[in-house]
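Thanks, everyone. I will take one structure today and keep it short. Here it is.

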Amino acid sequence: MNTRSNLVKLLGVCIFLGIWQGFAVLSNTRMFPSAVTVFIQLGYLVKSGVLLENVLSTLSKGIGGLSLAVFAGSLLGIVCARNRYINAALNPLIAVLYPIPKLALYPIVILIFGLGAWSKIIQVSLECFFPLFVQVYAGTRAIPKSILWLASNNQVKGWRLLRDVLLPALLPSLLTGLRIATPIMLIVMCVTEFIGESSGLGYLIVRYSSYFDPASALAIVLTFGLLGLIADRLIVWTRTKAVFWEKQIKL
Amino acid sequence: MIYRNRRPSSELWAITLGFPLVLIILWEIAARSHVFPSYMVAPSIILREALSLVTNGKIFAQMGASLYRAYAGFIIGSAVGVSLGLLSGVSRPVQDLFDTVQGFVHAIPKISLFPAIAIWLGFSDASRIIIIALSCFFPAYLNAMNGALGINPSYIWLSKNNEISRLRCFLQVIIPASLPRVFVGLRISLMVAFILMVATEVIGHSNGLGSLAMSSYEDGQYAEMYATILFIAVTGYFSNLALQRIASALCRGQQLNQEEHRK
C-alpha cells in the first residue's frame, strides 16, 4: 500500500514535469523554457555565485524583519493576554487591521524609512506581526489556569514567570505563527525588491524578465520555492525537537 | 496572580473605542502643529480627500478595476482549489497525485512568477488574475482537503449502511460536513487575493486602487494616497464581512441538521 502511494506520488511529479516539458517542446520558443533548461540555468547561477550573494541579501533583510515581528508579536501578545485593559485597547484595533493588505502602506514606509534596507525590514515585520500576535495571544490565553496558579503559589513572578512558565507553554503556538509568517516574509521581500532594489532575488527576477530571459527568472522562482520549503521543514523539525511533550499533535 | 473584581464590560468598551480615538486626535494635533513631517497628513484632511474622491466619482472606476481582478482571481482559484481539495480528501490516489507537486509549488511565493508571466501575457489583467488565482488555490485546496479528511466517520458509516451511492454520499454528506473548514480556507484565500491585488497593481503601470496609491505617492499627493489606502482597507473589510455572512448562512443549515440528527 505504501509503495503504491509512493508510486502515485512519483507519477504526479512525472506528469507535472512531463506536461511542462511537452508544452515547452511544442511551443519551441525561447520565451517558454523547458524544465531541463531551467535546471541547467539554476546550476549555472549557483556556480557563478550570483545566486548565493542575492539569497544572502534577501534573507538577511527578511529574517531581520521576521525577528522584529516575532519580538513585537510575542511581547504584545503576552501583554494583551495578561492584562485586560491593554487587551481592550489593542485587540479590537488589531482585529480590524488584520485583514487589510499592509502592502498598501509601503509608500508611507518608504517615506519614513527611505528606499534602503530598513523600509523592507519594517514592511516585512508589519505584515508578519499580525499572524504572530494572533497565535501568541491565543497560545497565552490557552495556558491552563492550574499552571499559572501553581506558579503564583510558588511566588514565581516577572522574568522567571516569563522564562520558565509562559514561554515554554506558548512555544507551540509561536512556532505555528512562525510557520504562517515565513511564507508571508518571502512574499513581501519579493514584492519590495520588485519595486526598488538593486540586489536580492526579487530584483534578479525583474532583471532577467526585462532581459527576456525567462529560464533564469524561473530558476530564481524555483530558488524561492526551495527556500520556502527548507524554512518550513526547519520550523516543523524545531517544533518536534523543542516541543517534545506534544508528540501526538500534527502541525 | 492578583484577583481583580470583574468590572462592568461597559468600561472596557470605553477603552476599546477611546484608544483609537485618542491616537487619531494625537495624530491630528501633531499634523496640525507641524510636529510630524508634511507627509503625515492630518486625518481630517484625509477624510475630506476621501469624500471628494467619492463625490467626483474618481475612485469607483479604480475600485471596479481592482475588485474585478481580485474577485475573478479569487473565484477561479478557490473554485478549482475547493473542488480538487474535496476530491483529494475523498480519494487517496488523487491526494498522492498532487501531494509532492503541491508541496513544492505551495512554497513558492506566487508573486515571484509575476514578471515571468508578464513576459508572455504582459502586465495585463490576465496575468494579474492568473497570479491571484494561483495564490488563492493553495489555502482553498489544503483546507478543503483537511475538511473532507476530518469528517466524523460515523456520518460516512451511516450513509454506507443506508446504501447511498458514492456520488450521493459525496454531494449530500461530505460536502456539507466539510463546509465549515472550506470556509476557513476561503477566508484566507480572500485575504491573500487582496494582498496580491495590491501587490500586482503596484508593479507595472496599471489602473486600480494599488496603482492609484503608488502614483499619488510618486506625485507627492499624500492626502490622495492615504485616502486610497483607506478605500483599500474598507473594500477588504467589507469583502471579508460579506464572505463571513455567506459562510454563516450556509453553515447554519448544516448545524441545524446536525442537531436534528442528534435528536
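Two residues are in contact here if their C-beta atoms, placed from the backbone, lie within 7 Å. Helices are DSSP runs (H or I, at least four residues), numbered from the N terminus. This is a predicted model, where local features need pLDDT of at least 70, side-chain atom pairs count only at pLDDT 80 or more, and totals for chains, interfaces and linings use all residues. Residues are numbered from 1 along each chain as its sequence is written, and chains are lettered from A and ligands numbered from 1 in the order in which they are written.

Start with a helix pair. In α3(A), A:Leu76, A:Val79 and A:Cys80 meet A:Ile86, A:Asn87, A:Leu90 and A:Asn91 of α4(A). That contact is made of five nonpolar residues, two polar and no charged. For those classes, Ala, Val, Leu, Ile, Met, Phe, Trp, Tyr, Cys and Pro are nonpolar, Asp, Glu, Lys and Arg charged, and the others, Gly among them, polar.

Now the interface. 46 residues of chain A are in contact with 46 residues of chain B. On the chain A side, the elements giving two or more residues include α1 (2–27), α4 (84–97), α8 (158–195) and α10 (214–242). Which element gives the most to that side? α10(A) does, with nine residues. By class, the side of chain A that touches chain B has 36 nonpolar, seven polar and three charged residues.

Last, domains, with bounds from an automatic or database domain assignment. Chain A is split into domain 1 (1–32) and domain 2 (34–246). Taken over C-alpha atoms, the centres of these two domains of chain A are 32 Å apart.
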